[in-house]
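I am opening this notebook to keep track of what I look up, entry by entry, with the sequence and the structure side by side.

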Amino acid sequence: MWQAIKSVLAAFLGVQKDERRREDFRSERPGTFIAAGLIVGVIFVLLVAFVAVMAAR
Amino acid sequence: MRRLLMWMAVGVTLAALTPMVLANGWNMPEGVTAVSRDIYSLHMIIFWICVVIGVIVFGAMFYSLFRYRHSRGAKAATFHEHTSVEVIWTAIPLLILVAMAVPATATLKTMYDPSEADLDVMVTGQQWRWRYDYLGEDVAFTSNLSTSREQISGTSEKGENYLLEVDEPLVLPVGQKVRLLLTSDDVIHSWWVPELAVKQDAVPGFVNENWVRIDEPGIYRGQCAELCGRNHGFMPVVVEAVEPERFDEWMAQRKEAAQQEAMSADREWGLDELMARGEQTYGAVCAACHQPDGSGSPPAFPALAGNQTLLDEPDRHISTVIDGVAGSAMPAFRNTLSPVEIAAVITYERNAWGNEAGDTVQPSEIAERLAAQDE
Ligand SMILES: [Cu+2]
């Protein structure tokens, strides 16, 4: 799971090592990546919302 | 040495061009409000950030193209990726964007805070003029284009403020926070005055808010900035900013004039004075659609000259002008013209351009009908 989260974070930034990408694609379980993507996505949205709320005060 | 000279020449040219561009009005104006100056400095900071980035990126690109060209035996590298370089060139723009967002957000916050205003003005877009309502003051008027038809058709020379002049500007006091409530009677317009850094859509059925606090007395001109039909280019905005004392005097005068106008609705008006008044109103308000000579542009805008059915039905003539024609471009003038103006313009239409109804429509008659409708 930690691996998947790191890959999702790399995808958010848009930079990933080729080696790590190959490794991810050898994995048999796409569900882990989907779950990691959703979790990081929700955290990101909450973070942006938090910054917006703080800025609006 | 040659290269150094070349770069110096480029630098000097750029440095020489910048003030020229600024002085030429090609740049956005710095404006006359604190907000407009904030926006201007943001614009300049971000502009220079873009210039620096552009020079670096394109400089590197052109340098590489030139220096490592094929004819000099350059061989392409074949490595696939370089993670740390990629991280750096992603992180730096990210930081720059965040650094730009901080002051920009601060400015937006002030711009979107119309609270604690000293004066409220309702601004209503109409095809094709602006209407200004000083809320709580009982002063309201429409502001029509005053550029002459001859200038527009090209038969006389164009004035300095061609298409940027009106019969009655919006008068505002300097140094006071003025809240603008923008809406529209028909289609979407946009109230735009560059020097005040206000460009706000006026949308039918909605009220948008904005505000200005003007620092310097003066006349500031703008235009409708949302394509709104045939005369979109003929509904300018003119704001006259005056000292608060002058503003109060002006307001008192307007109130008195409004009272006199209301009182004059009671007396009997003669044909000639109604015709004179009606010609004014017709030229300012109706001619855009029905043409100065009443010929209209059928089938979109009916002719009023020689319109016999209309002359035979004075009652329908009056109700059309008061209530408009639902589902057509013909607006209701119940709220935008005074009883005197409505009576005068109808009398004018019935007796101008060869129309010979011979009758007058009295302001008192219109006032009665309006009062009856209000009940
Ligand atoms: Cu418009």
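Before reading the metal site, I note that donors are N, O and S atoms within 2.8 Å of the metal. I also keep in mind that this is a predicted model.

Entry on the copper ion. I looked up the protein donors and found B:His189 (ND1), B:Cys224 (SG), B:Cys228 (SG) and B:Met235 (SD), lying 2.0 to 2.7 Å from the copper ion. Along the chain, these donors follow the spacing H-x34-C-x3-C-x6-M. B:His189 lies in strand S6 of chain B and B:Met235 in the loop between strands S9 and S10, so this pair ties together parts that are 46 residues apart in sequence. I checked the burial of this pair, and both B:His189 and B:Met235 are buried.

What arrangement do the four donor atoms around the copper ion make? I read angles of 92 to 127°, and the arrangement is tetrahedral because four donors count as such if all angles lie between 85 and 135 degrees. For comparison, I wrote down that the ideal angle for four tetrahedral donors is 109.5 degrees.

Entry on the core. The largest nonpolar core holds 38 residues, of which B:Val121, B:Tyr134, B:Trp191 and B:Ile214 touch the most other members. Strand S10 (residues 237-242) of chain B gives the largest share of this core, four residues.

Entry on B:Asn210. I located B:Asn210 in strand S8 (residues 208-212) of chain B. Is B:Asn210 buried or exposed? It counts as buried, because its relative accessibility is 13% and the cut-off is under 20%. Its side chain makes a polar contact with the side chain of B:Gln200, at 2.8 Å.

Notes:
Residues numbered from 1 in each chain as written. Chains lettered and ligands numbered in written order. Predicted model: local features only at pLDDT ≥ 70, side-chain atom pairs only at ≥ 80, totals over all residues. Heavy atoms only, no water. Core = buried A, V, L, I, M, F, W, Y, C linked by side-chain atoms within 4.5 Å. Buried < 20%, exposed > 50% of the residue type's maximum accessible area, 1.4 Å probe, protein only. Helix = DSSP H or I, 4+ residues; strand = E, 2+ residues; numbered from the N terminus. Polar contact = N/O pair within 3.5 Å; in protein donor to acceptor, adjacent residues only side chain to side chain. Donors = N, O, S within 2.8 Å, 3.2 Å for Na, K, Ca; no water. Tetrahedral: all angles 85-135°; square planar, octahedral: opposite > 155°, others 65-115°.
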